[in-house]
Amino acid sequence: MKKEFVVIGLGRFGGSIVRELVAQGAHVMAIDSTSERVDEYAQIATQAIVADTTDESVIKSLGLWNFGHVIVAIGENIQASILTTLILKELGVSQITVKAQNDYHEKVLRKIGADYIVHPERDMGIRIANNMMSSNVLDYLELSDEHSIMEIKASDRIAGYSLIDLDIRAKYGINIVGIKRGEAIMISPSPEDPILLGDVLLVIGADVDINRFVKKALQD
Ligand code: ATP
């Protein structure tokens, strides 16, 4: 069965979510209060609908609680974002992801029970800054304010050594949970196998510890 999503708000953020979900084979209902925005997605989304989602009767008539996941991508109109989320929550939608505009917005969204809250601009800024600070850090997934999973490129300083040789867990308190080698990915890599130059290590741990590992083991 195809996965089904609703995306409310078809700005750049919501619009790119619609395109990507459709490209990955999902059914997507795209909603915006502006008809020009909806027209843009008429040929892309499974259904494209003009509606103001701050009106509870509208959400009810569209049967949105039947969808597994609703994404609220209304940004600037914080009041509309909060009200829409609240109505969806009250109707029992199982997963709601909301784009937050600022910390205050996020706080309110947490209180009313949004399941996932994203800050696309802030998160992308953090990711880009991290990539600029270290050419070894290829990508970055924030798990909490202090913990992440990072993709780190193995340098010639560790190539040829195994995880046991490097004693990474004991020295840095971080875990290498996978190694990407070309197209292949090894989950729970063998501690005895040597790391090769160009391998990408999937590292989980506290940001300070991962950064210490990158500086000391890969760059110094
Ligand atoms: P982005 O930063 O993603 O490009 P944007 O700046 O174009 O977004 P936003 O103000 O974040 O626009 O709003 C995203 C979309 O949400 C807009 O197309 C807007 O018409 C729509 N929107 C705003 N309020 C509602 C509402 N009550 N119901 C449905 N859609 C709404």
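**Exercise 1: A loop residue**

Ile-174 lies in the loop between α8 and β9; helices (H or I, at least four residues) and strands (E, at least two) are DSSP runs, numbered from the N terminus. The model is predicted, so local features need pLDDT of at least 70 and side-chain atom pairs count only at pLDDT 80 or more, while totals for chains, interfaces and linings use all residues. Residues are numbered from 1 along each chain as its sequence is written, and side-chain values use heavy atoms, with hydrogens and water left out.

Task: Determine whether Ile-174 counts as buried or exposed, and state which residues are in contact with Ile-174 beyond its neighbours within four places in sequence.

Solution. 
- Step 1. Buried means under 20% relative accessible area, exposed over 50%, and partly exposed in between (1.4 Å probe, protein chains only).
- Step 2. Ile-174 has a relative accessibility of 1% and therefore counts as buried.
- Step 3. Contact means heavy atoms within 4.5 Å. With neighbours within four places in sequence left aside, Ile-174 is in contact with Ile-168, Arg-169, Val-203, Ile-204, Gly-205, Asp-209, Ile-210 and Phe-213.

**Exercise 2: The buried face of α9**

Task: List the buried residues of α9 and state which elements they pack against.

Solution. 
- Step 1. The buried residues of α9 are Asp-207, Asp-209, Ile-210, Phe-213, Val-214, Ala-217 and Leu-218.
- Step 2. Viewed down the axis of α9, these buried residues fall within an arc of 165°, so they line one face of the helix. The arc is that of the directions from the helix axis to the C-beta atoms.
- Step 3. The buried residues of α9 pack against β7 (137–142), β8, α8 (168–172) and β11 (200–206).

**Exercise 3: Charged pairs**

Task: State how many salt bridges the structure holds, and describe the pairs of Arg-212 with Asp-209 and of Glu-151 with Lys-180.

Solution. 
- Step 1. A salt bridge is a side-chain nitrogen of Lys or Arg within 4 Å of a carboxyl oxygen of Asp or Glu. The structure holds six salt bridges.
- Step 2. In the salt bridge between Arg-212 and Asp-209, the closest N and O atoms are 3.3 Å apart. These two residues are three residues apart in helix α9 (residues 207–219), and about one helical turn separates them. Arg-212 counts as partly exposed, at 35% relative accessibility.
- Step 3. Glu-151 and Lys-180 form a salt bridge with the closest N and O atoms 2.8 Å apart. Glu-151 lies in strand β8 (residues 147–153) and Lys-180 in strand β9 (residues 175–181), so the pair ties together parts that are 29 residues apart in sequence.

**Exercise 4: Nonpolar cores**

Solution. 
- Step 1. A nonpolar core is a set of buried Ala, Val, Leu, Ile, Met, Phe, Trp, Tyr and Cys residues joined through side-chain atoms within 4.5 Å.
- Step 2. The largest nonpolar core has 26 residues, of which Val-6, Ile-8, Met-29, Ile-31, Leu-64, Leu-88 and Leu-109 touch the most other members.
- Step 3. Elements that give two or more residues to this core include β1 (4–8), β2 (27–32) and α4 (78–90).
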